[in-house]
Amino acid sequence: MNVQNTWNAAKKVFLTLGLVGIILTNALFSLPAEANSDSLTQPAIEEPILIAYYDPDIVSIAVEAGRFNTLTTALKAAGLVEVLQGEGPFTVFAPTDEAFAALPPGLVEDLLRPENKDDLIKILTYHVVPGKVMSYYLEPGKVKTVEGDDIYVRGSYPDVKVNNANVIIPDIPASNGVIHVIDSVILPPF
């Protein structure tokens, strides 16, 4: 047996042991706290779940984060949830709940009314750029949005602004793009 065959056999053993370790780790962490030694002989789960490889889409991340409740409510009212769960890729500048709360009183409630759906879609799609653009690739200048108008990028990584909004958390990866959290809602020209 030559050195190359020995090395290939060793790699297979290490890969197999690594996979077994991941499966066992998932099984052990899924056991109930009151598990006893008898339960260790029975599988705790029917098939292995590798949570570390879960790659959520943009909307799922926004929902799970808990600080984009107004944004996700607006996406539902505008009928854009399925779009932002689609293949993409998209770059979303996502205003926080605090950013929406800073808008004039009653504006969000008015936008969520069915008769204002077109205006809501215009505002939300103004926060979306086609493609996956990480913050370190954003350069000062105009960037075309899905809505059709331009947003203006100022500064450079790590101090990026979009129109007058600061990017406060950049580069949250999603399966269908990237999210940049911003501290204010940006409004398109009406």
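Q: How much space lies in the second largest cavity?

A: On a 1 Å grid over the protein atoms alone, a cavity is a set of points where a 1.4 Å probe fits but cannot get out. Grid points are joined across faces, edges and corners, and the volume is the space filled by probe spheres set on the points. Here the second largest cavity holds about 50 Å³. This is a predicted model, in which local features need pLDDT of at least 70 and side-chain atom pairs count only at pLDDT 80 or more, while totals for chains, interfaces and linings use all residues. Residues are numbered from 1 along each chain as its sequence is written, and side-chain values use heavy atoms, with hydrogens and water left out.

Q: Which residues line the second largest cavity?

A: Lining residues have an atom within 4 Å of a cavity point. In this case they are T70, A74, F100, V108, L111, L112 and L120. Helix 3 and helix 6 (107-111) are the elements that give two or more residues to this lining; helices (H or I, at least four residues) and strands (E, at least two) are DSSP runs numbered from the N terminus. By class, the lining has 6 nonpolar, 1 polar and no charged residues. Ala, Val, Leu, Ile, Met, Phe, Trp, Tyr, Cys and Pro count as nonpolar, Asp, Glu, Lys and Arg as charged, and the others, Gly among them, as polar.

Q: What is the volume of the largest cavity, and which element gives the most to its lining?

A: The volume of the largest cavity is about 100 Å³. Of its 14 lining residues, L71, L75, L84, V92 and A94 are the closest to the centre. Strand 1 gives the most to the lining, with 4 residues.

Q: Which residues of helix 3 are buried?

A: Buried means under 20% relative accessible area, exposed over 50%, partly exposed in between (1.4 Å probe, protein chains only). In helix 3, the buried residues are L71, T72, A74, L75 and A78. Seen down the helix axis, they fall within an arc of 160 degrees (taken from the directions from the axis to the C-beta atoms), so they line one face of helix 3.

Q: Why does N163 count as buried?

A: N163 counts as buried because its relative accessibility is 12%. N163 is found in the loop between strand 5 (159-162) and strand 6 (165-174). Leaving out residues up to four places away in sequence, N163 touches Y126, I151, Y152, R154 and I186, where contact means heavy atoms within 4.5 Å.

How values were computed: On a 1 Å grid over the protein atoms alone, a cavity is a set of points where a 1.4 Å probe fits but cannot get out, and a pocket is an open set with protein on both sides within 12 Å along at least five of seven lines; lining residues have an atom within 4 Å of a point.
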